[in-house]
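Let's take a walk through this protein together. Keep the structure open while you read, and find each residue as we reach it.

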Amino acid sequence: MRKYITILIIALLAFTLGACGDSKDKQEDKTATKSEDTKMTIEHQLGKADVPKNPKNVVVFDYGILDTLDKLGIDVAGVAQSSVIPKYLDKYTSDDYANIGSLKEPDFDKISEINPDVIFISSRQTDVYEELNKIAPTVYLGVEPDRYMESFKENMNVIAKIFDNQDEVDEAVTAIEEHAETLKEKVKSQEEKALIVLSNDDQISAYGSKSRFGLIHDEFGVKAVDENIEASTHGMTVSFEYVVEHDPDILYVVDRSAVVGGESSAKQVVENKLVQKTKAYKNDRIVYLDPEIWYLSGGGLVSVEKMISEIEASIK
């Protein structure tokens, strides 16, 4: 009898242990499946990235994406503090955030140390994309000048997908689109023509349709004084005689020196004796755009709204 009881106990133990093992294996399979399900493939202009949903360690090079994440209440781990950070984002200059180098020269060691789940970049980092992508999934979210608002909206949808906040992003983007439409309607009622220039030390370059600042014409509807400006990243180098010749009603100025050299020199450079002959000067229509928004950031939920507001304020 004792022998049979012993055999029965051994059999029961074996069955119980087997059941537990199966349960554990099923749980592990379920966890693994769940982990795989939380990753998504993001296609972007430079390639593809397998990004976890709601990533925790986020590294950001683009200030427009940074202002977007900030507006959405999403924490970041590393920011390019070695470059000039726009004042409206000055909280990110603190020691609470790791310094990942500058916009053009990343600190690869520091980024590796952070062990990020995702890295967001834009056009200034395209040359180091491959190296960054070896450290962590790297997603390019630069805006395209010839389709600015469309590419901006696409980028915001990528953020919404990754951080699972589509409703919040849609609400913010819709508000921006409605504001842009209001501006377009306002612009339709005036015939003034504008010229956009970047002031860099004692030189200026012009930007027209489909250029870096071309959304003023393409998206907001402000008429261009010259339809033949060559679209390029650094603008078309022009003289002050060119400005006088085309005689714009509005002269938009982006002062690069103010955000790169630390001192604003545009007013002194631009408002010279030649430019004083233009309608823009005589009618007090030389508009100095915020270079932190137009040159350093742009393409974000905050910066695009600021851009619209600045152009709206310039239209009478």
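Leaving aside its neighbours within four places in sequence, Trp 294 is in contact (heavy atoms within 4.5 Å) with Phe 213, Leu 215, Ile 216, Phe 220, Val 254, Leu 289, Met 307, Glu 310 and Ile 311. This is a predicted model, where local features need pLDDT of at least 70, side-chain atom pairs count only at pLDDT 80 or more, and totals for chains, interfaces and linings use all residues. Residues are numbered from 1 along each chain as its sequence is written, and side-chain values use heavy atoms, with hydrogens and water left out.

Trp 294 also belongs to the largest nonpolar core, which has 78 residues. Such a core is a set of buried Ala, Val, Leu, Ile, Met, Phe, Trp, Tyr and Cys residues joined through side-chain atoms within 4.5 Å; buried means under 20% relative accessible area, using a 1.4 Å probe and protein chains only. Leu 69, Phe 120, Tyr 252 and Trp 294 touch the most other members. Helix α5 (residues 148-163) gives the most to this core, with 9 residues. Helices (H or I, at least four residues) and strands (E, at least two) are DSSP runs, numbered from the N terminus.

Now look at strand β12, residues 250-255, where 6 of 6 residues are buried. Ile 250, Tyr 252 and Val 254 lie on one side, and Leu 251, Val 253 and Asp 255 on the other. Strands pair if DSSP finds at least two bridges between them. β12 runs parallel to β8 (residues 193-200) over 6 bridges, and 4 bridges join β12 to the parallel strand β13 (residues 286-289).

Methods. Buried means under 20% relative accessible area, exposed over 50%, partly exposed in between (1.4 Å probe, protein chains only).
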